[in-house]
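Reader: I would like to learn how to read a structure one feature at a time. Please give the general idea before each case.

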Amino acid sequence: MVVTAAGIPHPDKASQASHASQTRRTANTRSHWRAALALVAALTLAACSTSPKAPVAGPGEYVVQPGDTLYRIASKTGRSAGDIARWSNLQDPDKLEAGQVLRVVPPGGAAAGPAPASGSSSEASPPTRSAGADRARPPRPREPETVMPPASRRSDWGWPAPGQVIAGFNGSSNKGIDIAANPGDPVVSMGAGKVAVTEMLRGYGSVVMVDHGGAYMSVYTNLRTVLVKQGQRVERGQKIADIGGGEGGKAKLHFEIRYRGNAVDPRQYLTAR
């Protein structure tokens, strides 16, 4: 340190050099921090821009979620599994992949039929058209309705439980039959086929569905223990579950037969009792 003639301290050259060096180090540190922050921001932006985007359901479509089955999707959207498979051109309805986009309305007719469940699919309103444009557009062909084959008793199908029928099919409030039983009684497959569903479904509880081919499916609900797995082959009379308890201690098996997703009267197909 040097003292001037006026008595005012004045830094010598060594002090000035030290101060300058410290200033450069501080500036370098700040520069390094700024560079690091810029690099982090760039990497974050790059990650966001390169990560795959989740599929988005368009009008009349549904995006398959992990764990979905075709029959669960049909239950959610109010459609039949057969219709969804046909509209989506599915080669193997048992092989769905998360992120796969399915059509849940007839092609060219997104407004027809009941609307799919909200949140899992998109049903956009059609854009407003002028009256002239509507007149110029030819009418769309209607999706052909499912033609039910004549009911006939099947010698290769049998009753799923031995109890008496306590509630019959009416096609509306009861889409199958209820068979009296005791808790723990066995439930057997009505015929040979492949297990399509073993899960909990809204309105059914624990359910097993068996695909018998020819667009026929059998449905068994109010079960306590399920003994088969999805994709498993079963034979006629093979035990697939135990019957669970019912309301007021009255156990029963609810049983349905469906053709292309539409309920039919099981007593028209099973052997007479």
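Author: Start with a salt bridge, which is a side-chain nitrogen of Lys or Arg within 4 Å of a carboxyl oxygen of Asp or Glu. Here Asp178 and Lys252 form one through their side chains, at 3.3 Å from N to O. This pair links distant parts of the chain, since Asp178 is in strand E7 and Lys252 in strand E15, 74 residues apart. The model is predicted: local features need pLDDT of at least 70, side-chain atom pairs count only at pLDDT 80 or more, and totals for chains, interfaces and linings use all residues. Residues are numbered from 1 along each chain as its sequence is written, and side-chain values use heavy atoms, with hydrogens and water left out.

Reader: Is Asp178 buried or exposed? And what about Lys252?

Author: Buried means under 20% relative accessible area, exposed means over 50%, and partly exposed is in between (1.4 Å probe, protein chains only). Asp178 counts as buried because its relative accessibility is 8%. Lys252 has a relative accessible area of 33%, so Lys252 is partly exposed.

Reader: How many salt bridges does the structure hold?

Author: There are 6 salt bridges. One of them joins Arg86 and Asp83, with the closest N and O atoms 2.8 Å apart. Both residues lie in helix H3 (residues 81-87), 3 residues apart, or about one turn of the helix. Helices (H or I, at least four residues) and strands (E, at least two) are DSSP runs, numbered from the N terminus. Arg86 is partly exposed because its relative accessibility is 36%, while Asp83, at 15%, counts as buried. In another salt bridge, the side chains of Asp242 and Lys239 meet at 3.0 Å, N to O. Asp242 is buried at 11%, and Lys239 is partly exposed at 39%.

Reader: How many helices and strands does the chain have?

Author: The chain has 4 helices and 16 strands.

Reader: Which way do the side chains of a strand point?

Author: In a regular strand the side chains alternate between the two faces of the sheet. In E11, Tyr216, Ser218 and Tyr220 point one way. Met217, Val219 and Thr221 point the other way, and all of these residues are buried.

Reader: Which strands pair with E11?

Author: Two strands pair if DSSP finds at least two bridges between them. Strand E10 (residues 205-213) pairs with E11 in the antiparallel sense over 6 bridges, and Met209 stands opposite Val219. The hairpin of E10 and E11 has 2 residues between the strands, and Gly214 there takes a positive phi near 65 degrees. Strand E15 (residues 252-259) also pairs with E11 in the antiparallel sense, over 6 bridges. Within E15, Arg258 is the bridge partner of Met217.

Reader: Where do buried nonpolar residues gather?

Author: In soluble globular proteins, nonpolar side chains tend to be buried together. A nonpolar core is a set of buried Ala, Val, Leu, Ile, Met, Phe, Trp, Tyr and Cys residues joined through side-chain atoms within 4.5 Å. The largest such core has 27 residues, and Val187, Val208, Tyr220, Ile240, Leu253, Phe255 and Ile257 touch the most other members. Strand E7 (177-180), E10, E11, strand E14 (239-243) and E15 each give two or more residues to this core. E15 gives the most, with 4 residues. Apart from this core lies another, of 20 residues, among them Val64, Tyr71, Ala74 and Val207.

Reader: What does Ile73 touch?

Author: Contact means heavy atoms within 4.5 Å. Not counting residues up to four places away in sequence, Ile73 touches Tyr62, Val64, Asp68, Ile84, Leu96, Leu102 and Val104. Ile73 lies in helix H2 (residues 70-77) and counts as buried because its relative accessibility is 0%.

Reader: How much of the whole chain is buried?

Author: Of its 273 residues, 32% count as buried. Among contacts between residues at least 6 apart in sequence, 60% join residues at least 24 apart.
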